[in-house]
Amino acid sequence: MKDPTAAWTVIARVSDLDAKRPLLPITLASGRYVLFRDEEGELGLIGRHCPHRGADLCFGRLEDNGLRCPFHGWHFDRTGQCVEQPAEPEGSKMYTQIKVPMIPVKIVDGNILANIPEGELSQ
């Protein structure tokens, strides 16, 4: 179903991710994000700052189909969901409550497009 309140906008070229480290900082009117390709070849566009201490995820490690924060190692998948939180007690599920913003992306004709809510395009 088409979202009438969102617009697909070109944010990068696929070739921009043809690097040893397929990760790009992206600034949109709505905020700062990081675009990356995971080990499965899928794209993620997630909030650029870790919710724990605000570390810049652009300096994070690409591993295990996600992005690991360079400060305390919180691990986020391409949907922005925290999937691991080192240093928590064994059995802790606190990470399931942690998520950074995520914007859907797709590839069309060599371009990477983000599904940005229209109200955020004009800010």
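**Reading cores and a sheet**

Modeller: In the largest nonpolar core, which has 15 residues, V34, I46, L57, L67, W74 and F76 touch the most other members. This is a predicted model, with local features needing pLDDT of at least 70 and side-chain atom pairs counted only at pLDDT 80 or more, while totals for chains, interfaces and linings use all residues. Residues are numbered from 1 along each chain as its sequence is written, and side-chain values use heavy atoms, leaving out hydrogens and water.

Colleague: What is a nonpolar core?

Modeller: A set of buried Ala, Val, Leu, Ile, Met, Phe, Trp, Tyr and Cys residues joined through side-chain atoms within 4.5 Å; buried means under 20% relative accessible area, with a 1.4 Å probe and protein chains only. In soluble globular proteins, nonpolar side chains tend to be buried together. Another core of 14 residues lies apart from the largest one, and its members include L35, L45, V105 and I116.

Colleague: Which residues is L67 in contact with, leaving aside neighbours within four places in sequence?

Modeller: Contact means heavy atoms within 4.5 Å. On that list for L67 are L23, V34, F36, I46, L57, G60, R61, L62, W74, H75 and F76.

Colleague: What is the strand order in the open sheet?

Modeller: Strands are DSSP runs (E, at least two residues), numbered from the N terminus, and two of them pair if DSSP finds at least two bridges between them. Here the 4 strands go β5-β6-β7-β8, with antiparallel pairing. β5 (61-63) and β8 (82-84) are at the edges with a single partner strand each, so one side of each has no neighbour in the sheet.

Colleague: How many bridges join β7 to β8?

Modeller: There are 2, with β7 covering residues 75-77; F76 has C82 in β8 as its bridge partner.

Methods. Buried < 20%, exposed > 50% of the residue type's maximum accessible area, 1.4 Å probe, protein only.
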